[in-house]
Amino acid sequence: MNRNIFANFESERKTTTDTLDMDKLNVLWADDEIDLLKPHVLFLQEKGYDVVTVTNGEDAIDKVKALHFDIIFLDENMPGLSGIETLTRLKGIKPEIPVVMITKSEEEHIMEQAIGSKIADYLIKPVNPNQILLSLKKNLENRRLISEKTALDYHKEFRNIGMALSDKLSWNEWTEVYRKLVYWELELKRSSDESMYEILTAQKSEANTLFSKYVESNYISWLKNIDAPTTPTLSHQLMKKKILPLIDPASSEPVFMILIDNLRYDQWRTIQPLISEYFRLQDDEMYMSILPTATQYARNAIFAGLMPSEIEARFPNLWMNDEDEGGKNLHEETFLNDTLKRFRKEVKSGYVKITNHNDGKDLVDNIPNMMQNKFNVIVYNFVDMLSHARTEMEMIRELADDEAAYRSLTLSWFEHSPLFEAIKRIAEKKVKLIITTDHGTIRVKEPVKLVGDRTVNTNLRYKQGRNMNYDKKEVFEIKNPADAMLPRQHLSQAFVFARQDKFFAYPNNYNYYVTYYKNTLQHGGISLEEMLIPFAVLTTK
């Protein structure tokens, strides 16, 4: 498959190069000493730019009203209207045109005024032609140059990733491959190179196919050999291996753990820059979600420090199976307190779950009180609700039509959310901050037929029950739930999991079912997006 992708890349790259738009860009240069800058103007004209010159601010304003310009070079010290005054008026007329301020003065207040007026660049006289050319390219051709460089860099990395995928990868190697795929997914989408993005999507699909085989070959043995060097940290080991060691009863530094439900690694990378304004990233790791990659199983396993069948045995009155009526994650605080006691971390702790905006505002107000605890857990449910809403609401479907839009929606929510306000309040004190999630989600595209009775659960990525009929080649089958440390309700009960971007569909009303759920965000099955979970440890700046 790698050869085919590479062949397509070469074809797309040639087509793109042959159809580049070579139209000239228009430059307005306002300077009362413009005659002295004639060599600079000729230099730019030789480089293919059209340059219009004026000697004062009033003429610059008139030209901008009459003609289209792509960029303006503006002298700060002109007779009549000053450069700063001209800049203010130009921004009132055409705020979208980038303005480069050129000045003899290096006084700080002039720089601050210019920057405050949203200039695109700031140059100190005397300027040489190459400085001017660099500023033009940075402001006018930046997107094209970045796009071309990104495509070229991914072209090189594409081969490296392809070679890695051809090997038998370890857990650490899989996390590195996934990091690279997410990195290039973000970079290529930012560069708007759709042809290269399609190539990346194909390579990511290939990676998901191989990752599914990796999980199926190793999952049961991981559970039997949980402390083996080749076993990844799984959900039920997260407290023991990653979180509890950070809690020091003798330290005055509290630990905050924020679990944002259903937060994929690419979404974490999208919101991380905002958090990095207030916190330093100490560790950026991944762990692996257990199967099923669903809140009911994965999150309970995190807080209990136990696999689902162990939770059922220890808390027979609290564990809820798929067939049971009622909420499946109502006892997380009880599980957490039991885990702290079991591992002798008997410190003052707090737990809060946020399910709506008002709860979020209350959280912000309560942060000072939470500082009195050694360990605080905050579960925030918005991203999970967003993924479900995308399935059920047409407007959200349109807003999150593809992966980039889904990330953008997550970023917009986070930036204006009470959660971000709470994080900023936490940053006022010296703390350790853990940000993680319980599972990810994947956009499903290909249906897999499955027949079952009424006892079969409704999740689209995993099914459990009795008397299920399916093509064994299309699923990961666990005939004996005890092998995967999952509760067993019936003698003939089995679990089956969808791989890659597949989802289960019943033959009854099949076409409607497929149309409704295709391209929706689901979780519960086996994929890089669902199982490779971000785990970040941060410290206050």
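Student: At what angle do α8 and helix α11 pack, and how far apart are their axes?

Tutor: First, a word on the source: this is a predicted model, in which local features need pLDDT of at least 70, side-chain atom pairs count only at pLDDT 80 or more, and totals for chains, interfaces and linings use all residues. Residues are numbered from 1 along each chain as its sequence is written, and side-chain values use heavy atoms, with hydrogens and water left out. Two packed helices are described by the angle between their axes and the distance between the axes. Axes are lines fitted to C-alpha atoms, for helices over the stretch in contact, and angles run from 0 to 180 degrees between N-to-C directions. Helices (H or I, at least four residues) and strands (E, at least two) are DSSP runs, numbered from the N terminus. Here α8 and α11 (residues 265-275) pack at about 55 degrees, and their axes are 10 Å apart. That angle makes α8 oblique to α11; angles under 35 degrees count as roughly parallel, over 145 as roughly antiparallel, 65 to 115 as roughly perpendicular and the rest as oblique.

Student: Which residues of α8 and α11 meet?

Tutor: Contact means heavy atoms within 4.5 Å. From α8, Y178, R179, V182 and L186 meet Y265, D266, R269 and T270 of α11.

Student: Which residue forms a salt bridge with K180?

Tutor: A salt bridge is a side-chain nitrogen of Lys or Arg within 4 Å of a carboxyl oxygen of Asp or Glu. K180 forms one with E157, with the closest N and O atoms 3.5 Å apart. This pair links distant parts of the chain, K180 lying in α8 and E157 in helix α7 (residues 142-165), 23 residues apart. By this rule the count comes to 28 salt bridges.

Student: In what order do the 6 strands of the open sheet stand?

Tutor: Two strands pair if DSSP finds at least two bridges between them. The order is β7-β19-β10-β6-β9-β8, with mixed pairing. β7 (279-288) and β8 (349-354) are the edge strands, each pairing on one side only. Helix α8 (residues 171-191) lies across β7 and β19 (532-540), at about 120 degrees to β7.

Student: How are the 5 strands of the other open sheet paired?

Tutor: Their pairing is parallel, in the order β2-β1-β3-β4-β5. β2 (50-54) and β5 (121-124) stand at the edges with a single partner strand each, so one side of each is left without a neighbour in the sheet. Between β3 (residues 71-75) and β4 (residues 99-103) there are 4 bridges, and L74 has M101 in β4 as its bridge partner.
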